[in-house]
Amino acid sequence: MRTVLSAFALTALLASPVLAQNAPLVSATVKKIDAEQGKITLDHGPIKNLDMEGMTMVFKAADPAMLKTVKPGDKVKFTAERVNGQITVTKIQK
């Protein structure tokens, strides 16, 4: 039984990064960037993987360096996921 549970746990652990890479791209407009805090405000469409309706909200950036690639007013596509309980932008592109 222990072997079956260990195999299941290992499979779940290995599958997690794959699921994270499949997060859908969401369309948004950049409203504000707070590079000092590593946060970005986006007016976004629905985020299906988080079961979230479209709205304007502040997100933490997984990598604060990504905030240097966009500015307020830019139309972007991004992915967001729960990282340590916080909704975080994991990818952003113009």
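Select threonine 29, which stands opposite lysine 75 in β4. Strands are DSSP runs of E with at least two residues, helices are runs of H or I with at least four, and both are numbered from the N terminus. This is a predicted model, in which local features need pLDDT of at least 70 and side-chain atom pairs count only at pLDDT 80 or more, whereas totals for chains, interfaces and linings use all residues. Residues are numbered from 1 along each chain as its sequence is written, and side-chain values use heavy atoms, with hydrogens and water left out.

Now extend the selection to residues 26–34 and 75–83, which are strands β1 and β4; the two pair in the antiparallel sense over four bridges. Pairing requires that DSSP find at least two bridges between two strands. Valine 26 is opposite phenylalanine 78 in β4.

## The remaining strands

Then show β5, residues 86–93, which is joined to β4 by seven bridges and runs antiparallel to it. Threonine 79 has lysine 91 of β5 opposite it. The hairpin of β4 and β5 has two residues between the strands, and asparagine 84 there takes a positive phi near 50°.

With these strands displayed together, a closed barrel of five strands can be followed in the order β1-β2-β3-β5-β4, with mixed pairing. Neighbouring strands of this sheet are turned by 55° against each other on average, direction ignored; axes here are lines fitted to C-alpha atoms, for helices over the stretch in contact, and angles run from 0 to 180 degrees between N-to-C directions.

Is isoleucine 47 buried or exposed? Isoleucine 47 is buried, because its relative accessible area is 0%; buried means under 20%, exposed over 50% and partly exposed in between, with a 1.4 Å probe and protein chains only. Not counting residues up to four places away in sequence, isoleucine 47 touches Val26, Met52, Phe59, Phe78 and Ala80, a contact being heavy atoms within 4.5 Å. Proline 24 is 23 residues from isoleucine 47 in sequence, yet their C-alpha atoms are 7.6 Å apart.

Move to threonine 69, in the loop between β3 and β4. Threonine 69 counts as partly exposed because its relative accessibility is 46%. Leaving aside neighbours within four places in sequence, threonine 69 is in contact with Asp74, Ile92 and Lys94. A polar atom of the threonine 69 side chain lies 2.7 Å from the backbone oxygen of methionine 66. The C-alpha atoms of threonine 69 and isoleucine 92 are separated by 8.5 Å.

## The whole chain

Finally, select the entire protein chain. Its secondary structure comes to one helix and five strands, running α-β-β-β-β-β from the N terminus on. Of its 94 residues, 31% are buried.

Notes: A polar contact is a pair of N or O atoms within 3.5 Å; within protein, one must be able to donate a hydrogen and the other to accept it, and residues adjacent in sequence count only if both atoms are side-chain atoms.
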